[in-house]
Amino acid sequence: MKSYKAKMVEPIELPSREEREAALERAGYNAFNLDARDVYIDLLTDSGTGTMSAEQWAAMIRGDEAYAGSESFARLAESVRDVMGFEHVVPTHQGRGAENVLYGVLLEDGDVVPNNSHFDTTRAHVVNQGAEPVDCPSPASRDPNSTETFKGNFDIDAGYALVEEVGADAIPVVVLTITNNSVAGQPVSMANIRATAEFARDIDAMFVIDACRFAENAHFIKTHEAGYENHSVAEIARAQFEHADAITMSGKKDALVNIGGFAAMRDETVFEHAKQRAILYEGFPTYGGLSGRDIEAMAVGLREAVTPPYVSDRVEQVAELGDLLVEAGVPVYQPTGGHAVYLDAGEVFPHIPKDEFPGQELVCALYLEGGVRGVELGGFAFPGTDRPDLVRLALPRRTYSREHLEHVAETAAKVMASAGEYGGLEIVEEPPMKELRHFSARLEPVSN
């Protein structure tokens, strides 16, 4: 049973098949290039696309727009201390701003950075500092049909193998992403969080958590990890950070806002350097490129994210979409993660070779069949990696209803029924930085 009701609605309309075909051609067969008005159900991302609460909107009225030392920042800092346990906070305009601020301080040319799996902007920021991102995903993550719960874990053995290869001195930072977005939104266990922290300490590296979906991860720990069933999500959420030296946070995920983020850390020297970098790229360290109104909404959202009615509704709705897709015969990465359902494009289009981007073709097919926008997170988004060709359908928070989810499942079923009619794609235009090519590249159907 839902724990909230709608107070505002927005009309949406499904364009005709002909209109969708024309829109996709104009977009260069890249869903990022579609106009939002041409999309019926938008599952491109859960980042900043959700619905804020009445308390968040009310808090925005008291936003203190002072350039320096605003009361709104003081309330955000208090929320970060209470919910996450960090004393030092540097606000930024969103998560990639936090990555730029923190990794610009911690990394330099020639460094190596292991992560359970780097997401696109994280990988790009590591590369931008001249460092090398290395993924160390759990071996279980490679099997989309395995029902193991914590498939987002960091592979500690792979981490030590990397140390043997490059030396501990080359690894100043170890990153853990919770939940693991690049591995189908799979959660990370508390035991693995502790083990990764111990690994980082053992090689004298800073332990950083990408905390974008920390509340969803805490929910999975509560429901699936022995010993935590009687702890609150709020208690587990804070415990996740006890061994971390720093975090990056996109407030557009589990702080439930449409814009905003922050970096937080324990070391005062790192904090002072991060503040100076923030001044250069984000703004004064008490507003970080945000209005006071945005900061107020984020301060409230952090607290709401760890309340049982919200977080259980959130994860259960994603599972509901996963169940509908499975019932429709669509191959889904198992088990369903916390913020999205991931479709196995290689299974949908086994006749399309990997170098013709079956995942991106599935994104296009979902849009053509039902106006549903998703995103490819395989060989197109992560060039040079061996990641499976997955398509993410990310649910905005507190936004869509059961009827919308049913439309998504019906659309995917139509794609499955006509899968043999679809062919591959080739890139005809891409930016110089290939790590970010999926945001703007243009493609066209393969000529054969």
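Does Tyr-67 count as buried or exposed, and at what relative accessibility? In this predicted model, Tyr-67 has a relative accessibility of 56% and therefore counts as exposed. The residue sits in the loop that runs between helix 2 (54–60) and helix 3 (71–84). Together with Ile-279 and Phe-284, Tyr-67 forms a nonpolar surface patch. The accessible area of the three residues together is about 300 Å².

Charged pairs were examined next. The structure holds 23 salt bridges. One of them joins Asp-42 to Arg-373, with the closest N and O atoms 2.7 Å apart. Asp-42 belongs to strand 1 (residues 41–42) and Arg-373 to strand 10 (residues 372–373), so the pair ties together parts 331 residues apart in sequence. Arg-373 counts as buried because its relative accessibility is 6%.

A salt bridge also forms between Glu-272 and Lys-275, at 3.4 Å between the closest N and O atoms. Both residues lie in helix 10 (residues 268–281), 3 residues apart, or about one turn of the helix. Glu-272 is partly exposed, at 35% relative accessible area.

Glu-304 pairs with Arg-398, the closest N and O atoms being 3.5 Å apart. This pair links distant parts of the chain, 94 residues apart: Glu-304 is in helix 11 (residues 292–305), and Arg-398 is in the loop between strand 12 (390–394) and helix 15 (402–417). Both Glu-304 and Arg-398 are buried. Elsewhere, salt bridges with shared partners join Asp-46, Arg-213, Glu-216, Asp-254, Arg-314 and Arg-397 into one network.

Glu-361, in helix 14 (residues 358–370), is buried yet has no salt bridge. Its nearest side chain of opposite charge, Arg-17, is 9.2 Å away.

How values were computed:
Residues numbered from 1 in each chain as written. Predicted model: local features only at pLDDT ≥ 70, side-chain atom pairs only at ≥ 80, totals over all residues. Heavy atoms only, no water. Patch = residues over 30% accessible without salt bridge, like charges linked within 9 Å, V, L, I, M, F, W, Y side chains within 5 Å. Areas by Shrake-Rupley, 256 points an atom, 1.4 Å probe, with all protein chains shown as cover. Salt bridge = Lys/Arg side-chain N within 4 Å of Asp/Glu carboxyl O. Helix = DSSP H or I, 4+ residues; strand = E, 2+ residues; numbered from the N terminus. Buried < 20%, exposed > 50% of the residue type's maximum accessible area, 1.4 Å probe, protein only. Lys, Arg positive; Asp, Glu negative; His and termini not counted.
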